[in-house]
Amino acid sequence: MRVFDSLVGQDHVVNVLGEAVADAAAEPAGPSMTHAWLFIGPPGSGRSNAAIAFGAALACPDGGCGRCEDCRAAMAGNHPDVEVVRPEGLSYKTEEARNLVSRADMSPTRARWHVIVLEDADRLTESANNVLLKSIEEPASRTVWLLCAPSVEDLLPTVRSRCQVIGLRTPATAAVASFLEGQGVDAGTAAFAARASMGHIGRARALATIESVRNRRHDVLVMMRDLSDLASCMAAAGNIVEAAKADAEALLAEREETERADMMLAMGAGAEGKGVKRVTKAAMKELDDRHAARRNRTVRDELDRVLVDLLAWFRDVLVLQQEAPVELVNEEMRSDLARMADESQASDTLLRITAIRDARQALAMNVAPQLAMEAMVVKLRAPRLAG
Ligand SMILES: [Zn+2]
């Protein structure tokens, strides 16, 4: 499978990137290859996957064969010339940006290009943005910046005007399902995961392959059906936060384990002496701190995903109330949805949808998850009472 085959439903993007890869291999590089790119698309459209695949194709001697050592290392995030950077906390700090800029000046070690994939570029603080600007304006001759963000408006105009924009679309349900089937998922599960994820590839893959993620999603939706009194609301809020934590755990556990093993290897596990032990201990502590920060961020991301599931649930209720002729996201729970549609008005459903949108916004503004969920669940139970 070539690296661009993983870009589900993005043929237009694959064409543009393919041309750039061909031009990048020429000497001197052709006009389709530039030094700064901005990958934009809604969450889950796979903007960072697209950027990483592009990085792999630039590192591969065969333009992204998907099989060679360069492709595999780049796709796994281990290639020395295809660096993937994520903010360790909720935003990129100026310090992180400075380190990045000094690394960006370095020549590639074995590939032709030194690629830096900057995920969540919308989380650059203004000062971090300014630190990066110079390097993006006048990059070293072999350096390529690949920025990823939800939309062009998320970046300062000075930065985005330097970038060639690549727009990812939310892939169609059918395209996601057939991608999952290609990965060995059975047709029924693939169809369910594609529908339930609403085009979010990472989520679709997790739903299709991790049973606990699937079960937690179901449990959260069932909870919405059973909100009876205030106590059940508070319990539901707690459960939603716990579900997000558990999903984050399931997604990160393997990666953290690998990073810890790599670190041990790099520090020369088994080496003797007190000095070695002290250095190892400090480095491990730093790694643990980084993991904690990433976990915190991932929990928020997963929490947002749970809220998207809830939005889809009430969207389904509204579809039934309005008798709209469209497919239900949660077809397998049609009878529960129908009961809720009968027992409430469309105006209630709209208020509930607003409550979920408010909660998403509160989370984005760094409100404590438990508080945001409690406020939301109370409104979900009795939308007309809560203000
Ligand atoms: Zn290759």
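How many bridges pair β2 and β3, and in which sense, parallel or antiparallel? Four bridges pair them, in the parallel sense. Two strands count as paired if DSSP finds at least two bridges between them. Helices (H or I, at least four residues) and strands (E, at least two) are DSSP runs, numbered from the N terminus.

This is a predicted model, in which local features need pLDDT of at least 70, side-chain atom pairs count only at pLDDT 80 or more, and totals for chains, interfaces and linings use all residues. Residues are numbered from 1 along each chain as its sequence is written.

Select V84 next; V117 in β3 stands opposite it. From β2, follow the chain through helix α4 (residues 94-104) to β3: this β-α-β crossover is right-handed. Right-handed means that, with the strands pointing away from the viewer, the path from the first strand over the helix to the second runs clockwise.

Now select β3, residues 114-118. Five of its five residues are buried, so the strand is largely enclosed by the rest of the structure. Buried means that 20 or more other C-beta atoms, placed from the backbone, lie within 10 Å of the residue's own. H114, I116 and L118 cover one side, V115 and V117 the other.

Move on to β4 by way of helix α5 (residues 126-137), which with β3 and β4 makes a right-handed β-α-β unit. β3 and β4 are parallel, with five bridges; select I116 to find its bridge partner W145.

Finally, show the whole open sheet, ordered β2-β3-β4-β1-β5. β2 (82-85) and β5 (164-167) are at the edges with a single partner strand each, so one side of each has no neighbour in the sheet.

Key: Buried ≥ 20, exposed ≤ 12 C-beta atoms within 10 Å, placed from the backbone.
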